[in-house]
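Work through the exercises below with the sequence and the coordinates at hand. Each task is followed by a solution in steps.

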Amino acid sequence: MKKVSLTIDGKEINVEEQTTLLQAARAAGIQIPTLCHDDRLAPHGSCRLCSVEITSGKKARIVASCVYPAANGLVVETKSPRVVKIRKVILELLQASSPKGRVEELGRIYGTSTDKFEKELTFCILCGLCVRYCSEVKKADALGFIGRGIEKQVVFFPEIALKSCPACEGQCFSLCPTGILPNKFARSVPSFGRSQPTVFPVRLWDEENFLNLTRNIE
Amino acid sequence: MSQGLAMPKEEATLFIKVKEICAKHQGKSSALIQIMLEIQEEFNWLPREILLWLSEKLNMPLNRVYDIATFYKVFSLIPRGRNLVKVCTGTACHVRKAPVMLRRVTQLLGINPGETSSDLRFTLETVGCLGCCALGPVVVINDEYYSNPTTSELEKLFKECQ
């Protein structure tokens, strides 16, 4: 593998080609906050919290370090005022939908104001950790995304969940950065016994909507 | 997943057409969207059993199939009526009183946008721009475009829909 040399926070770092900026930074002991990253999973780049400022030539821009590959001569700033400000806004936006768990912890570190944006509690930031863990590590595909845009949500597919979830004992729960998946799931577990095909939305209050979406007419 | 789960016996005949469509595309997972479009052309919607069957047949995780089926607005996971009525609520049509037109259609059909009549005769949808703003407000009934139809014209057109 070819080696590339770059600068992160003023430190000269040599890494293999194809390494992401996040991996390079962590290898050098520089911490970058993340919510959707897990070393066992392919990068997703959905939370944008790992945003860093890169300069190549004259132009500086913001990229998601978890998906951006290291390149020769790159100058990376992980804690510049611009980056910190962006992370703060991202966290404030995330807190509007899920003000608990790791989102809350990071929010405290970045000194976010929790009431900046109107609350719309979904307790899901669509990081896809549970979905990807289920697909990539467990190879079960019991969870998935449905919908798009503001309607996008995470659901269990009961046909598969019924078989795979008991054996796995909900390893995906511990990954949830909103800290809410375990509680929500616990409430929907009894429904697994239902004979009717039902999909359990993580956003439970949307259950009725979702059932309307997927129900077969008798 | 077991075959039995994906294919209830009483609906086996329903699957013949699906199998034909699937075979036409050599069961390639890359043809999923095309296959679903053709299935929907046949049934007007995508029944859950068919998606389960497809996922198995195309060797594609169910969550991937659902991800795609719920991403595109063209796919419907709930039954749709035999006749599809679209009312344009794009900017130009809005200015040309599309809300009035929508109310008119809603009252005539007795269903709200996004709904299907219980006899599966009509489905009413609102759409963005149809590209023929000069005709606005536009109503599309089974792919036929109508420019600013009056209540009596609509009544007549709906009567012709079986």
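This is a predicted model: local features need pLDDT of at least 70, side-chain atom pairs count only at pLDDT 80 or more; totals for chains, interfaces and linings use all residues.

**Exercise 1. Overall figures for chain A**

Task: State how many helices and strands chain A has, and describe its burial and surface.

Solution: 
- Step 1. Chain A contains seven helices and eight strands.
- Step 2. Of its 218 residues, 50% are buried.
- Step 3. Among contacts in chain A with a separation of 6 or more, 51% are between residues 24 or more positions apart.

**Exercise 2. The five-stranded sheet**

Task: Give the strand order of the open sheet of five strands in chain A and explain why strands E2 and E4 of chain A each have one side without a neighbour in the sheet.

Solution: 
- Step 1. The order in chain A is E2-E1-E5-E3-E4, and the pairing is mixed.
- Step 2. E2 (11-16) and E4 (59-64) of chain A stand at the edges with a single partner strand each, so one side of each strand has no neighbour in the sheet.
- Step 3. From one strand to the next, the twist averages 35 degrees.
- Step 4. Helix H2 (residues 81-97) of chain A packs on this sheet and touches E3 (51-56), E4 and E5 (75-77) of chain A. The direction of H2(A) makes about 150 degrees with that of E3(A).

**Exercise 3. One strand pair**

Task: Decide whether E1 and E2 of chain A run parallel or antiparallel, and find the bridge partner of Ser5(A) in E2(A).

Solution: 
- Step 1. Strand E1 (residues 3-8) of chain A is joined to E2(A) by six bridges, and the two run antiparallel.
- Step 2. Ser5(A) has Asn14(A) of E2(A) as its bridge partner.

**Exercise 4. A helix of chain B**

Task: Find how many of the ten residues of helix H4 of chain B are buried, and describe the phi of Asn59(B).

Solution: 
- Step 1. H4 (residues 48-57) of chain B is mostly covered, with eight of ten residues buried.
- Step 2. The buried residues in H4(B) include Trp53(B), Arg48(B) and Glu49(B).
- Step 3. Just after H4(B), Asn59(B) has a positive phi of about 55 degrees.

**Exercise 5. A surface patch on chain B**

Task: Identify the residues of the nonpolar surface patch in chain B and classify Leu37(B) as buried, partly exposed or exposed.

Solution: 
- Step 1. The patch is formed by Ile33(B), Leu37(B), Phe71(B), Tyr72(B) and Val74(B), which together have about 380 Å² of accessible area.
- Step 2. Leu37(B) lies in helix H3 (residues 32-43) of chain B.
- Step 3. The relative accessibility of Leu37(B) is 31%, so this residue counts as partly exposed.

Key:
Residues are numbered from 1 along each chain as its sequence is written. Chains are lettered from A and ligands numbered from 1 in the order in which they are written. Side-chain values use heavy atoms; hydrogens and water are left out. Two strands pair if DSSP finds at least two bridges between them. Helices (H or I, at least four residues) and strands (E, at least two) are DSSP runs, numbered from the N terminus. Axes are lines fitted to C-alpha atoms, for helices over the stretch in contact, and angles run from 0 to 180 degrees between N-to-C directions. Contact means heavy atoms within 4.5 Å. Buried means under 20% relative accessible area, exposed over 50%, partly exposed in between (1.4 Å probe, protein chains only). Accessible areas come from the Shrake-Rupley method with a 1.4 Å probe; for residues, only the protein chains shown count as cover. Patches are made of residues with over 30% relative accessible area and no salt bridge: like charges are joined within 9 Å, nonpolar side chains (Val, Leu, Ile, Met, Phe, Trp, Tyr) within 5 Å. A salt bridge is a side-chain nitrogen of Lys or Arg within 4 Å of a carboxyl oxygen of Asp or Glu.
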